[in-house]
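Subject: Structure for your review

Dear colleague,

Please find below the sequence and structure that I am handing over to you. My findings follow directly after them.

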Amino acid sequence: MAIVIDMPKLSDTMEEGVIAKWNVKEGDEVKSGDIIAEVETDKATMEVEAFDPGTILKIFAKEGDAVPLGGKMAVIGKEGEDISDLLGDKKSEDKPSKEEAPVEKETLESEAETEETPGKKEDFDPLFGGIEGKGTEKESAEDGHIKASPLAKKMAKEQGIELSNVKGSGPLGRIVKKDIEEYEAPAAQPTATKRAEKDEDVPVSQMRKSIAKRLAESKFGSPHFYETVDIDMKKAVDARTAMNASGDVKISFNDFVVKACAMALRQHPKVNSSWLGETMRRHASIHVAVAVAVDEGLLTPVIRDTDIKGLTQISAETKELAGKARDKKLQPQEWEGSTFTVSNLGMYGIEEFTAIINPPNACILAVGAIRDIPVIENGEIVPGKRMKVTLSSDHRIVDGATSAQFLNAVRNLLENPMNMLL
Amino acid sequence: MGNETEVAGFTPTGAVYKSTKLPKPTRKTHKSLGIKEDELLGLYECMYRQRRFEERAAQMYQKGKFGGFLHLYIGQEALSSGLNYALNDDDDIITAYRDHGMGLARGISAKAGMAELFGKASGCSNGKGGSMHFFDVKNHFWGGHAIVGAHVPLGGGIALANKMRNEEKVTVCLFGDGAVDQGSLNESLNLAQLWKLPVIYVIENNGYSMGTAVQRHSAGELVDRALPYGMKHDVISGMDLLTVIDKFRDVAEEVRKDSMPWLIEVRTYRYRGHSMSDPANYRSKEELQEFKSYDPIERLKTYILERDLFDEKKLDEINGNIDEEILEAIDFAENSDFPDDEELYKHIYADDDFPYLR
Amino acid sequence: MAEKQFREAIREAMTEEMRRDESVFLMGEEVAEYEGAYKVTQGMLAEFGGRRVIDTPISELGFSGLGVGSAMNGMRPIVEFMTFNFAVVGIDQIINNAAKIRSMSGGQVKIPMVFRGPNASAGQLGATHSVAYESLYAHFPGLITIFAADPYDAKGLLKSAIRDNNPVIFLESEQTYGMKQEVPEEEYLIPIGKGTVKREGSDVTLVAHGKMVHVAKMAAEQLAKDGVEAEIIDPRTIKPFDIDLVIESVKKTNRLVIVDESHPFGGVAAEVGFQIQREAFDYLDAPVQRVTVPDVPAPFSKKLFDLWFPSPKDVIEAVNSVTYRK
């Protein structure tokens, strides 16, 4: 059987050899061990020998040709032998057979698949694979500049001591074992916030569901806008003090606000309206609701016909309804039918906030606390009382100017409380 | 046959024109040496096996089947074959890195040898030695050794152990002409003579220490290293099988009897370069051609045919069988497994549980 | 229990093993007629004769190699070097032959033998006679390296070394040959690769081997007066090294000083330091420190030699540094 003589590895570094000389020509007889050619490698000119006896049937490369390592140089065989199958491909001997080809393709495909699968690559990371599991300390990033001995770091971690709170006594301020042992947590500073051990899922009450639904509908269903005024409450404070000094009923500032709103609503009926989709309803009566905080949420009992009730009555009714609300004794007719709502967080020290409109009202007034602040009066700094109120309005019903006028009306009434008593 | 070649030496320009000269071969015949005819055939086969093994090894190396160094013995086969014939089976042999021929002659199979070249677990050193470290200790072949001259004291030590146990065994320690220049050789000769060790030191003078001709690397005659120690010595031709057998049989018996060392310079010639990447430009084509004309295998073939001991057909049959044996060895090597990964940590210490640093 | 000198202890070890095993023999310069350059082998020629106690020429390369060859072929030689500084002349036989032939032959050969003799400095002997070679030998796979500090350890370890089936480098010191210690009359062996606690303490671990154990002890006594209790670990075997014993100690003391007579680069101290930072990182309260000879050859002049040689003072300074005492 004919044998291909391919370019031998004649030096440990050669990649190709140049045929320097052929000692044989096609048709020559050779013995095993005969020098058939000389080849220039990257190092020297080397002899190429025949390892098998036979006749040179074919010479592929001419003198001067470069042949890659393993490339065909010649064919040795029996004279007259059919070597056509050796003449085709350059390295037919080493080519994979056809049966092998699909396997190779499959391998490639599966490799591609592997690459597409996210995360898989990480599993194979030879350098960092597995390290994540051991937990790279977040600490090291945080205290990267804190010098501490490995032991001190470990002790601090075990004892929950923040290394940044520890003073190091070692060279260059290194925190060492002794420093951790002698460390005392500062008394005033609570030790690391103790969280509830487990999150708690609380069932949603009917009230909460209702609040959630109504307020979400309001906030996202009606376009809110907000306007705030800062009201001088000095006179209201004085008036209330005077009124409470004489009577049995204790009137609150909120009662003043409710009364002022009711009176202002009468002046600005557009604000006392409801959006009905095709139409807007102007309410004939003024029913101001007051937001009352209860355990599970808030209720808005209604002071009916607020505008025609006096401060004393408003105050008394509000107290009664609030009490019922807290005792869960409020009846549906007592919280239904409001045309406007007042929400007051002044007793919590809130300066100002925005409230979500209580549907189907057009507006809600959010009332802040009365602050003692220096004010300039007649060029002099004097103590003053101020209260911020913010009106949330449904832009579908009222416009900015309308609500501004309404707010100014409220302000005028509160700044001149005597007008409310008339 | 039987011609002494012209005297080796330098040209007027200082270039070496011949690296070594061959002493006259023995005039004895196989009959007078008591070699049976079928033994002669066995010796032919032994030499041809080494030759064909290495030719194919070179081919496999050039095909990139294995890496590392490959130093070929081709041309020197008469020494390994004749020496092995002359020695008892339990005599000890240690040699240098050009060790395939001696190993095969001593009993390493072509399969185990080829597998060792391929670095396979089935090799004669479990794939851990490679070309330069063929071992077959059960056949008293103590290996090929790769630091020039470093194994020369080992040969003396093997002989020392035999002597201490009063075993009548001979140790043969072979090394190249380059090793003669090492201190280890001179220290070993001193100790061997001083302690009367049963060892035969053999200089395989193939003309070149790598690429440096003998005249250019060693002052005086190599064998004269024996003189200051009063050691018995001789120079013989290593291109003639019968000469090798004749000399070594006599010397081995003498050493076995009186436990005194010998130094024998065997003049021979390697046809190939020092290693596979050596084009051997330091010598002339004429010199190579001349020594090839004394080829030990061709010589024995001529000897056999001239005396009608066997016909050419018989020798061709042997060649054919060996060719087949070597191809089978290549198949065996190719199809053998590489050593298991765990083998990396085996056979370093005598204990298998050594706590290696990791 | 009788007190015995270090040299007597190793003589007993060799003598007992030679009585026990015919294949054990001793060779080296001046071991027979001269009875040993340091009188270690006194009386051995008389007992065993010239075939088993063999005087060699000054030919380290030759007789080291003969020793290896005889070990390959079934003997158990003890090759004595007058000092390990002379072994360098024949070190190829140790590093390339004794250490590797087993591996290269795929396990066909065993080399059961001991190379022994004094190692490291012994006063003003100049640059070539003062080198500590333990890290060099421990570097090479296939060798076992032992450096005993006192007579008791030396005897038990040398007996184990002679019985071991590997080539063993057994290091001694000229300066400890006269040192006395109680050594049992009855036979005992100390396992290769097991260290020992030479002094217990809780404040700092001192790792020291060979002659340096005694330097460490002097430092420890001084430190104890200052209230610092040093624990001294003597690995005894350099390879394989009993790192577990050191780890255990460092977990207790959190501080480590290695006392090593080698030069600093790649010495035993460097290896132990590496192992400890890897295996006991979270237990260290200070960087590991080492006390070694400096990175210069041994000087002759007494003044410079004293500066060069690791002293108890150097050890105390290193201890002060790892315990954060100025």
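A crossing of two helices is called left-handed if the near helix is turned anticlockwise from the far one by less than a right angle, and right-handed if it is turned clockwise. By this convention, the crossing of α1(B) and α4(B) is right-handed. Please bear in mind throughout that the model is predicted.

Helix pair in chain B

The two helices concerned are α1, residues 37-62 of chain B, and α4, residues 110-117 of chain B. Their axes lie 11 Å apart, and the helices pack at an angle of about 25 degrees. Angles under 35 degrees count as roughly parallel, and α1(B) is therefore roughly parallel to α4(B). On the α1(B) side, the contact is formed by Arg49(B), Phe53(B) and Ala57(B). These meet Ala110(B), Gly113(B), Met114(B) and Leu117(B) of α4(B). Sorted by class, the residues of this contact are five nonpolar, one polar and one charged.

Chain B as a whole

Chain B contains 11 helices and 10 strands. It has 358 residues, of which 54% count as buried. Among contacts in chain B between residues at least 6 apart in sequence, 76% join residues at least 24 apart.

Interface of chains B and C

Here 34 residues of chain B are in contact with 37 residues of chain C. On the chain B side, β4 (141-145), α5 (152-164) and α6 (183-194) each supply at least two residues. Which of these elements gives the most to that side? It is α5(B), with 10 residues. By class, the side of chain B that touches chain C comprises 17 nonpolar, 14 polar and three charged residues.

Nonpolar cores

The largest nonpolar core has 215 residues. Those with the most contacts inside this core are Ile200(B), Ile146(C), Leu206(C), Ala216(C), Val257(C), Val259(C) and Val315(C). Helix α1(B), described above for its packing with α4(B), provides the largest share of the core, nine residues. Apart from this core lies another, of 50 residues, including Leu265(A), Ala355(A), Val367(A) and Met387(A).

Leaving aside residues up to four places away in sequence, Val259(C) touches Leu206(C), Val207(C), Ala208(C), Met212(C), Val215(C), Ala216(C), Val291(C), Pro310(C) and Val315(C).

Yours sincerely,
A colleague

Technical notes:
Residues numbered from 1 in each chain as written. Chains lettered and ligands numbered in written order. Predicted model: local features only at pLDDT ≥ 70, side-chain atom pairs only at ≥ 80, totals over all residues. Axes fitted to C-alpha atoms, helices over the stretch in contact; angles between N-to-C directions. Helix = DSSP H or I, 4+ residues; strand = E, 2+ residues; numbered from the N terminus. Parallel < 35°, antiparallel > 145°, perpendicular 65-115°, else oblique. Contact = placed C-beta atoms within 7 Å. Nonpolar A, V, L, I, M, F, W, Y, C, P; charged D, E, K, R; others polar. Core = buried A, V, L, I, M, F, W, Y, C linked by C-beta atoms within 7 Å. Buried ≥ 20, exposed ≤ 12 C-beta atoms within 10 Å, placed from the backbone.
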